[in-house]
Amino acid sequence: MNALQTAVAMVFAGLLSVLIAWAVDVQAQQVFESETRAAAQALLDSVVNQVRVGTSTALLPGVYGFSQQVSLPSYAPPFDSFYYRITLRNVGGVLYVRVDMTAYRGSASAFVSLSRAVYDVGDLRRPDGVVKIYAQGGEMGSCVVDGWVDLTQSGCYTVWSMPSPQTTRYLKFVVS
């Protein structure tokens, strides 16, 4: 093998190693984004289910008001660190929960935004009144009165962010 053949072989090996490293990096980023999506989906499912449980309970006869604790995760098992925002918003009479999550591992980062409709607040009527849902005010929001946001009013919202010293937030259900 002469010097030219050796140089061509070395260049080819170098290009091949760069291509393999790039493919591995792309695959790792896709897996990381998938893990971030799964964590955001689990958080969305948890918050939506907690809101639905409280609302269903408030629709029962004989129940006229209570507060419900909403538990939020404060740890990031598969990530080096993470940040999320939960937005509870009334859009045209429909209560939505949205989760925006950013996760970090090493030099990689991934962002996911998911949302789901929870209830049409027009359906929260009982023979003896209407169920009102109030959320504890967060880092941002509208329609805040004495630290609570009336989520049964169109356009009202609150945002709960993490990291935060609070790992629990509260919802208040009142029949009026």
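Me: Which residue has a side-chain polar atom 2.8 Å from the backbone oxygen of leucine 60?
Reply: Arginine 126 does. This is a predicted model, in which local features need pLDDT of at least 70, side-chain atom pairs count only at pLDDT 80 or more, and totals for chains, interfaces and linings use all residues. Residues are numbered from 1 along each chain as its sequence is written, and side-chain values use heavy atoms, with hydrogens and water left out.

Me: What other backbone oxygen does the side chain of arginine 126 reach?
Reply: That of valine 63, at 2.5 Å. A polar contact is a pair of N or O atoms within 3.5 Å; within protein, one must be able to donate a hydrogen and the other to accept it, and residues adjacent in sequence count only if both atoms are side-chain atoms.

Me: Is arginine 126 buried or exposed?
Reply: Arginine 126 counts as buried because its relative accessibility is 8%. Buried means under 20% relative accessible area, exposed over 50%, and partly exposed in between (1.4 Å probe, protein chains only).

Me: Where is arginine 126, and what is it in contact with?
Reply: Arginine 126 is in strand 5, residues 125-126. Leaving aside neighbours within four places in sequence, its contacts include Ala58, Leu59, Tyr64 and Val175. Contact means heavy atoms within 4.5 Å.

Me: New topic. How many helices and strands are in the protein chain?
Reply: One helix and 11 strands. Helices (H or I, at least four residues) and strands (E, at least two) are DSSP runs, numbered from the N terminus. From the N terminus on, the order is α-β-β-β-β-β-β-β-β-β-β-β. The radius of gyration is 24 Å, well over the 16 Å from the globule rule for 176 residues, so the chain is more spread out than a compact globule. That radius is taken over C-alpha atoms, and the rule is 2.2 Å times the number of residues to the power 0.38.

Me: What box do the C-alpha atoms fill?
Reply: Roughly 95 × 30 × 25 Å, taken along the principal axes. Of the 176 residues, 34% count as buried.

Me: What about valine 97, buried or exposed?
Reply: Valine 97 is buried, because its relative accessible area is 0%. The residue sits in strand 3, residues 94-105. Not counting residues up to four places away in sequence, valine 97 touches Leu44, Val47, Leu114 and Val118, among others.

Me: How many Å separate the C-alpha atoms of valine 97 and valine 11?
Reply: 53 Å, and the two are 86 residues apart along the chain.

Me: Which residues make the nonpolar surface patch?
Reply: Phe12, Leu16, Leu19, Ile20, Trp22 and Val24 make it, and the patch is about 660 Å². Patches are made of residues with over 30% relative accessible area and no salt bridge; like charges are joined within 9 Å, nonpolar side chains (Val, Leu, Ile, Met, Phe, Trp, Tyr) within 5 Å. A salt bridge is a side-chain nitrogen of Lys or Arg within 4 Å of a carboxyl oxygen of Asp or Glu. Areas come from the Shrake-Rupley method with a 1.4 Å probe; for residues, only the protein chains shown count as cover.

Me: Where does leucine 16 lie?
Reply: In helix 1, residues 3-58. Leucine 16 is partly exposed, at 38% relative accessible area.

Me: Last one: what is the phi of cysteine 143?
Reply: About 65 degrees, which is positive although cysteine 143 is not a glycine. Most residues other than glycine have a negative phi. Cysteine 143 is in the loop between strand 7 (140-142) and strand 8 (144-145).
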